[in-house]
Amino acid sequence: MLQLTRNLRDYRNALVIQFWVNIRTTVAATRLGVLWWILDPLMLMMIYYFVIKIVFNRGGPGYHFYALCGIVTWQSFSRSLTQCTNALIGNSALIKQAVLPIDLYVLLPPIVQAFFYLIGLAIIAIWNNNVVGWYTPTVLVLLIPMVLLPYALGLFLAILRTRSPDLGKFVPYILRFGFYFSPVLYGPERIYDLHIPQLFKTLYSLNPMVHIITAVREVLFEGRMFDLRPILLVSIAAILLTQAGLVFFRRFAPSIPKYL
């Protein structure tokens, strides 16, 4: 982590340039530009609202906001992890020119997605403005695990992706499972109240997205401060996993160029 901190300091100008290049490239990839990043979660919200609320008559008052909190958060994580996995393959030309330390190319996608994630959270806060209060800015704390978690996992997956190109085909299936294993469309209490083995409930509680999505809902849907303890534990776990990922990444970093 100390080396990562030094790299962020020493290459901050190049990193800022790459950040804005990624923002412009991402926006330019669609004709609607930034508007697409607003419409995409809204359209998904309407689809799930129709299926769950209207067809199956589930959910409750304000379910569209409830679902949107989960969808925006999961999309940010999912896109970050997917782009981290492909970061080395996708930036092979820049890596060969040694523009940035290699591990920073894996860090860029979560930072870029955090920018769009803030846009999504701002839309929810403006739309559901009756719950806005002094605690609303605390959602910024959630950016720490939302950046570190995909980065940490991406350090492992990006290396494996260079050696096994087919890995990129499996990641979407893993994320699809993660979508339903996380409380994107439902509350975690539905799992905890099921008559299933306690082991399954324990494994479910170890999913960091359970606590992050719950925290977002507590602030932007229920209008109250989230429980800091689980977020603190998730952030500590993300830091430790990042350190492990950096050790793994740097172990294989010298051989990366020959696989690109």
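Modeller: I256 has its place in helix α14 (residues 256-259); helices here are DSSP runs (H or I, at least four residues), as strands are (E, at least two), numbered from the N terminus. This is a predicted model, in which local features need pLDDT of at least 70 and side-chain atom pairs count only at pLDDT 80 or more, while totals for chains, interfaces and linings use all residues. Residues are numbered from 1 along each chain as its sequence is written, and side-chain values use heavy atoms, with hydrogens and water left out.

Biologist: Why does I256 count as buried?

Modeller: Buried means under 20% relative accessible area, exposed over 50%, and partly exposed in between (1.4 Å probe, protein chains only). I256 has 0% relative accessibility, so I256 counts as buried.

Biologist: Which residues does I256 touch?

Modeller: A contact means heavy atoms within 4.5 Å. Leaving aside residues up to four places away in sequence, I256 touches L88, I102, I159 and F249. The C-alpha atoms of I256 and S92 are separated by 9.4 Å, although these residues are 164 positions apart along the chain.

Biologist: What does F249 touch?

Modeller: With residues up to four places away again not counted, the partners of F249 are L88, I102, D103, V106, L155, I159 and I256. F249 is also one of the residues with the most contacts inside the largest nonpolar core, together with F77, L88, V106 and L220.

Biologist: What makes a set of residues a nonpolar core?

Modeller: The residues must be buried Ala, Val, Leu, Ile, Met, Phe, Trp, Tyr or Cys, joined through side-chain atoms within 4.5 Å. The largest such core has 67 residues, and helix α7 (residues 102-127) gives the most to this core, with 13 residues.

Biologist: How do you know that D103 and R250 meet in a salt bridge?

Modeller: The term requires a side-chain nitrogen of Lys or Arg within 4 Å of a carboxyl oxygen of Asp or Glu. For D103 and R250 the N to O distance is 3.9 Å, and the pair is a salt bridge. D103 lies in helix α7 and R250 in helix α13, so the pair ties together parts that are 147 residues apart in sequence. D103 counts as buried because its relative accessibility is 6%, whereas R250, at 31%, counts as partly exposed.

Biologist: How many salt bridges does the structure hold?

Modeller: The structure holds three. E218 and R224 form one, at 3.4 Å, and R224 and E222 form another, with their closest N and O atoms 2.6 Å apart. Shared partners join E218, E222 and R224 into one network. E218 is buried, with a relative accessible area of 11%.

Biologist: Why is the pair of Y192 and Y204 edge-to-face?

Modeller: Rings of Phe, Tyr and Trp (its six-membered ring) pair if their centres lie within 6.5 Å; planes under 30 degrees apart count as stacked, over 60 as edge-to-face, and the rest as tilted. By this rule there are 13 aromatic pairs. F177 and F181 form a stacked pair, with 5.5 Å from centre to centre and 15° between the planes. Y192 and Y204 have ring centres 5.8 Å apart and planes at 80°, so their pair is edge-to-face. Y192 lies in helix α10 (residues 189-192) and Y204 in helix α11 (residues 198-205), twelve residues apart. F177, F181, Y192, F200 and Y204 form one aromatic cluster.

Biologist: Is Y204 buried or exposed?

Modeller: Y204 is buried, because its relative accessible area is 1%. Y192, at 32%, counts as partly exposed, and F177, at 57%, counts as exposed.

Biologist: What forms a nonpolar patch on the surface?

Modeller: V141, I144, L228, L232, L233, I236 and L240 form the patch, with about 650 Å² of accessible area together. Patches take residues with over 30% relative accessible area and no salt bridge, joining like charges within 9 Å and nonpolar side chains (Val, Leu, Ile, Met, Phe, Trp, Tyr) within 5 Å; the areas come from the Shrake-Rupley method with a 1.4 Å probe, and for residues only the protein chains shown count as cover. Helix α13 (residues 228-252) gives the most to the patch, with five residues. L233 lies in helix α13, and at 56% relative accessibility L233 counts as exposed.

Biologist: How many helices and strands does the protein chain have?

Modeller: The chain has 14 helices and zero strands. Of its 260 residues, 46% are buried.
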